[in-house]
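Here is a short report on one protein model. It takes the loops, a helix and a metal site in turn.

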Amino acid sequence: MNDVSYKSLSIEDACQRLLKATHPVIVMHCRPDGDTLGSAVALAKIFGKMNKRAICICADKLPKRLEFMCDGFFTENYTITTTNTVIAVDIASPMQLGGLREGLSISLTIDHHDMNTPFSDNCTVPSAAACGEVIFEIAKRLIEMGKIDAIDADIAKSLYAAISSDTGCFKYSNVTPKTHRIAAELLEYGVKGDEINHKLFDCKDIKQLRAEAMALKNMELYENGRVAISTVTHKEKEEAGIESEYFETAIDIVRSVMGVEIAATIKENSKGKFKASIRSTSKNVAEIAAKLGGGGHIRAAGCMVEAESMDEAKDKLLSLILE
Ligand SMILES: [Mn+2]
């Protein structure tokens, strides 16, 4: 992949690429979230308006809580040939293609991450809170070009879910006035925001709640309560019968403790593989993650911690946080 320079595309360029696409296959990032799924499904619906049948694929299984967003476009049974135009959404680096990394020829990536490792020609809008905002801009441009008639309630629903998902229900620091303007417009198209937000944020699988309870039970505070770290070992997960996917929101419990400025969780994904998620209200945690070979945003980052035991992983991370 070295020595290849990929083009940065404008919204207009991206639209031109979409118009030329044949048998579109839309790829989501591994460990899919609401933004990658909502963006992919919205784009598939936009293709539908241009009489192209698109499918949405992912290296990993969809978490149960997001299944309501699929609308029949997500599939696990597919073959990709040279006649398919492959488009990636919400993917910042080739790593995030997961098991699909080998053998996929991606024509276009539509994304919003500021720190990225390009792996195809890409239309990236770092000011967008969610990839869903970029897809919205693309839909608006396609309307101006006369290529689709409108953003209907069905497309609007997917875009709204994507944006709400990546902004934590419009409450993270990535939210801009424009985010709200787009969301307001989507509501005008008939989206039931309350229903979507209930499904995304208020209703949790019992396993997810048990995972959050475990995160709280295992949480320890340092530095007079300014740092909180919670751990869960492979053994603990197995004994509780809770799979890794249910621990995605455990970090939110840890960071919700009053006074905590830096929150982290360390999950032992499989034996000896320690995955850390770090959140901060002040310190640059992307730098901490980078020291361990990971990355992310200033306030939200992640990495793998090389260690023989959970205690060692925790000590390593804690000493970097306290530096
Ligand atoms: Mn996103």
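## A loop residue with positive phi

Aspartate 71 sits in the loop between β2 (55–57) and β3 (86–89). Strands (E, at least two residues) and helices (H or I, at least four) are DSSP runs, numbered from the N terminus. This is a predicted model: local features need pLDDT of at least 70, side-chain atom pairs count only at pLDDT 80 or more, and totals for chains, interfaces and linings use all residues. Residues are numbered from 1 along each chain as its sequence is written, and side-chain values use heavy atoms, with hydrogens and water left out.

Phi of aspartate 71 is near 50°, a positive value in a residue other than glycine. Most residues other than glycine have a negative phi. Aspartate 71 is partly exposed, with a relative accessible area of 32%. Buried means under 20% relative accessible area, exposed means over 50%, and partly exposed lies in between (1.4 Å probe, protein chains only).

## Helix α4

Helix α4 covers residues 153–166. It has 14 residues and reaches 20 Å from its first C-alpha to its last. That is close to the 20 Å expected at 1.5 Å a residue. The expected span is 1.5 Å times one less than the number of residues. At the start of α4, a side-chain oxygen of aspartate 152 comes to within 3.1 Å of the backbone nitrogen of aspartate 154.

α4 is mostly covered, with 11 of its 14 residues buried. Among them are Ile155, Leu159, Ile163 and Asp166. The buried residues of α4 pack against α2 (34–49), α3 (131–144), α5 and α6 (193–202). Contact here means heavy atoms within 4.5 Å.

## After the helix

Just after α4, glycine 168 takes a positive phi of about 55°. Threonine 167 is in the loop between α4 and α5. Threonine 167 is buried, with a relative accessible area of 0%. It touches Ala129, Tyr172, Asn174, Val175 and Thr179, not counting residues up to four places away in sequence.

What does the side chain of threonine 167 reach at 3.2 Å? It reaches the backbone oxygen of serine 164.

## Aromatic rings

The structure holds 1 aromatic pair. Tyrosine 160 and phenylalanine 170 form it, tilted, at 5.6 Å centre to centre and 50° between the planes. Tyrosine 160 lies in helix α4 and phenylalanine 170 in the loop between α4 and α5 (177–188), so the pair ties together parts 10 residues apart in sequence. Rings of Phe, Tyr and Trp (its six-membered ring) pair if their centres lie within 6.5 Å; planes under 30 degrees apart count as stacked, over 60 as edge-to-face and the rest as tilted.

Tyrosine 160 counts as buried at 6% relative accessibility. Phenylalanine 170 counts as buried at 18%. Phenylalanine 170 also has a positive phi of about 65°, although it is not a glycine.

## The manganese site

Which residues coordinate the manganese ion? They are Asp35 (OD), Asp90 (OD), His112 (NE2) and Asp166 (OD), at 2.1 to 2.3 Å. Histidine 112, in the loop between β4 (106–111) and β5 (122–124), and aspartate 166, in helix α4, link distant parts of the chain, 54 residues apart. Histidine 112 is buried, and so is aspartate 166. Donors are N, O and S atoms within 2.8 Å of the metal (3.2 Å for Na, K and Ca); water is not among the atoms, so sites may look incomplete.

Note on methods:
Polar contact = N/O pair within 3.5 Å; in protein donor to acceptor, adjacent residues only side chain to side chain.
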